[in-house]
Amino acid sequence: MSLVEPSQNPGTAEHHDGADFHDEDKAYLEKRTLRKGSAGWVLLAGLGVSYVISGDYAGWNNGLAEGGFGGLLIAAIVIAGMYLAMVLGMAELSSALPAAGGGYTFARRALGPWGGFATGTAILIEYSIAPAAIATFIGGYVESLNLFGITDGWWVYLAVYALFIGIHLTGAGEALKAMLVITGIALVGLVVFAVSAVGLFDTAHLTDIAPTDAVGASGFLPFGLFGIWAAVPFAIWFFLAVEGVPLAAEEAREPEKNVPRGIITSMLVLLVTGATVLFLATGALGADALSTSGNPLVEALGDGTAAKVVNYIGLAGLVASFFSIMYAYSRQTFALSRAGYLPKNLSVTNSRKAPTLALIVPGVIGFVLSLTGEGAMLLNMAVFGAAVSYVLMMVSHIVLRRREPGMRRPYRTPGGIVTTSFALVIAAAAVVATFLVDPVAALWTLLAFAGFLAYFGVYSRHHLVANSPDEEFAALARAEEELE
């Protein structure tokens, strides 16, 4: 529900916070509405797990080549702490500011239009590029399974983009239910893997990478202390995109209660799945062999029936994340467009209340990126965008706690700003770590980020929509300050 009525005098302009705002009429907002009440906390928790679950099947294991088992384990523990702290902070923010903009909405209230757009852009970069990386992994899986003689190629990427954009266009409720089913299948695959891998586990396999001459190197840390830092971007893959749950706020029932419950539940599930695959896969095959595997869980099980089952179900895990992150990029695009930060036609919804161009345009960009076939580089680009957004969102939590202590917060973060300050420090270190692992990917992402900011500075900050739902939260705060 809108915080204020649509303007009776559309076009009225005002200037503040370094930007120009105007009101749009009722018809503008009616063309840009999502279906309310489509999801309860179970679907939201499923969405959070769905975002991430492909990371349990592939990608994380490359961190063994950077830090060995010990380095990746320590990095994963630190990153898990960061995500848990961040999720608790976001649970508070989403209960106080439930809107489709997610991180953009939080930062807009705390940091103004520039901070809001920077946060939304970093999130959008993450969610637009991650499906492109996953599409390349899906292509590789399809080829390895030898399904109907299909080989990896551009048409495989095109098929998955076209199919899942089409499903999303049918509406949020239908898409979220489909995601929950696919995610359930992927979780069953992890259970099958865990039961089968226990019998193959050998603690000697965990430390079978020979120590180097790096500072602090040992059997546990074969690449030394520096390897811990270098493994951070791969540890992020265990949890990357769980922060997207608040993007479903406008389509959730009782978002003040259900969004916090959904994101916290999904995080707890991911802690269990991440720890399971890290220990059991490495202990079954060995850190050295697993570090270069493109299909780590399957290779850890060998050639038996369980390996074939996990191989087929692994495709479901990749599809779940691809499908759900597509939902996330469409909602972030929708919110930024509706408020005028991006071209406004991107936020127009169809008869099923799905944002048509917000699904299609980033999908086309992602498809083009997938044609590079550089899944690892695309993954690192997505991680860079994510880490930047984490820094800005945690700053937003701290600022709002300090500046607006009386804001209504149905859920409050345990530990308050101490919790989110911890997440902030680790997220800032993760930004630096991405440059260490893949400076080319980080630089390309930084250039894209700068391009978005240039567009905002030159054009869109002069055409913002004051009565869009996300902007109304900021307007309400400004009105309260004036009354005080």
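Predicted model: local features only at pLDDT ≥ 70, side-chain atom pairs only at ≥ 80, totals over all residues.
## Overall build

The protein contains 19 helices and three strands. Its radius of gyration is 22 Å, close to the 23 Å that the globule rule gives for 484 residues, so the protein is as compact as a globular protein of that length. The C-alpha trace spans about 70 × 50 × 40 Å along the principal axes.

Of the 484 residues in the protein, 59% are buried. Contacts can also be sorted by how far apart the partners lie in the sequence. Among contacts with a separation of 6 or more, 83% are between residues 24 or more positions apart.

## Surface and charge

The protein exposes about 17500 Å².

## Two buried residues

N467 sits in the loop between strand β3 (464–465) and helix α19 (469–483). With a relative accessible area of 3%, N467 falls under the 20% cut-off and therefore counts as buried. The side chain of N467 reaches the backbone oxygen of E24 at 2.8 Å. As for E243, this residue is 224 residues from N467 in sequence, and the two C-alpha atoms are 26 Å apart in space.

S54 belongs to helix α3, which covers residues 54–57. The relative accessible area of S54 is 2%, so this residue is buried as well. Which residues does S54 contact, leaving aside its neighbours within four places in sequence? The partners are I134, W237, G317, L318 and S321.

Most residues other than glycine have a negative phi.

E254 is not a glycine, yet its phi is positive, at about 40°. This residue is placed in the loop between helices α10 (232–236) and α11 (255–285).

K353 is not a glycine either, and its phi is positive at about 65°. The loop that holds K353 runs between α14 (305–338) and α15 (356–370). Is K353 buried, partly exposed or exposed? Its relative accessibility is 29%, so K353 counts as partly exposed; that class lies between the cut-offs of 20% and 50%.

Terms used
Residues numbered from 1 in each chain as written. Heavy atoms only, no water. Helix = DSSP H or I, 4+ residues; strand = E, 2+ residues; numbered from the N terminus. Rg over C-alpha atoms; globule rule 2.2 N^0.38 Å. Buried < 20%, exposed > 50% of the residue type's maximum accessible area, 1.4 Å probe, protein only. Contact = heavy atoms within 4.5 Å. Areas by Shrake-Rupley, 256 points an atom, 1.4 Å probe, with all protein chains shown as cover. Polar contact = N/O pair within 3.5 Å; in protein donor to acceptor, adjacent residues only side chain to side chain.
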